[in-house]
Amino acid sequence: MSTLEESSLTESEQIQQLKDFLKSYNKLSERCFLDCVHDFTVRQVRDKEDKCALNCMEKYMKMNQRISQRFQEFQIVSNENALAAAKKTGQLPS
């Protein structure tokens with residue numbers, strides 16, 4: 001692959017990562033807004049709404065981090081099992 005193709009691939013990966021981030025951010029914003037904001041009679045964000053939104057965001061971030069961590073652990077175990085199976089069948093040297 002040429003450096004131009006590699007930089008293009010990297011650029012497209014970066015664009016995809018940005019799209020994924022924005023999708024996640026928008027999902028979080030909508031979810032927390034719908035759960036926390038109920039009073040539209042005043043312009044100010046009430047303390048209760050503010051605390052609710054912060055708690056919502058924090059829980060979402062912790063959940064997302066936990067899922068990522070579990071996924072990484074699963075991938076490591078899966079890779080180790082695949083490597084062991086390949087060695088067992090003789091596809092890889094011991």
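How far apart along helix H1 are Arg-31 and Asp-35? Being four residues apart, Arg-31 and Asp-35 are separated by about one helical turn, and their side chains meet in a salt bridge at 3.3 Å, N to O. Keep in mind that this is a predicted model, where local features need pLDDT of at least 70, side-chain atom pairs count only at pLDDT 80 or more, and totals for chains, interfaces and linings use all residues. Residues are numbered from 1 along each chain as its sequence is written, and side-chain values use heavy atoms, with hydrogens and water left out.

**Salt bridges**

- The count comes to four salt bridges, taking a salt bridge as a side-chain nitrogen of Lys or Arg within 4 Å of a carboxyl oxygen of Asp or Glu.
- (Buried is under 20% relative accessible area, exposed is over 50%, and partly exposed is in between, with a 1.4 Å probe and protein chains only.)
- Arg-46 and Asp-39 join their side chains in another salt bridge, at 2.9 Å from N to O. Arg-46 is partly exposed at 37%, and Asp-39 is partly exposed too, at 24%.
- Arg-70 bridges to Glu-73, with the closest N and O atoms 2.4 Å apart. Both sit in helix H2, three residues apart, or about one turn of the helix.
- Arg-70 comes out partly exposed at 35% relative accessibility, and Glu-73 is partly exposed at 36%.

- Glu-49 belongs to helix H2, which covers residues 47-88. (Helices, H or I with at least four residues, are DSSP runs numbered from the N terminus.)
- Leaving aside neighbours within four places in sequence, Glu-49 is in contact with Cys-36, Val-37, His-38, Asp-39 and Gln-44. (Contact means heavy atoms within 4.5 Å.)

**Nonpolar core**

- The largest nonpolar core has five residues: Leu-28, Cys-32, Cys-36, Cys-56 and Tyr-60. (Such a core is a set of buried Ala, Val, Leu, Ile, Met, Phe, Trp, Tyr and Cys residues joined through side-chain atoms within 4.5 Å.)
- H1 and H2 are the elements that give two or more residues to this core, and H1 has the largest share, with three.
- Cys-32, one of the core residues, touches Val-37, Ala-53, Cys-56 and Met-57, not counting residues up to four places away in sequence.

**Aromatic pairs**

- There are two aromatic pairs in the structure. (Rings of Phe, Tyr and Trp, the last by its six-membered ring, pair if their centres lie within 6.5 Å; planes under 30 degrees apart are stacked, over 60 edge-to-face, and the rest tilted.)
- Phe-21 and Tyr-25 have ring centres 6.2 Å apart and planes at 25°, so this pair is stacked.
- Phe-21 and Tyr-25 are both in helix H1 (residues 3-36), four residues apart, about one turn of the helix. Tyr-25 is partly exposed, at 45% relative accessibility.
- Phe-33 and Phe-40 make a tilted pair, 6.1 Å centre to centre with 45° between the planes. Phe-33 is partly exposed at 42%, whereas Phe-40 is exposed at 61%.
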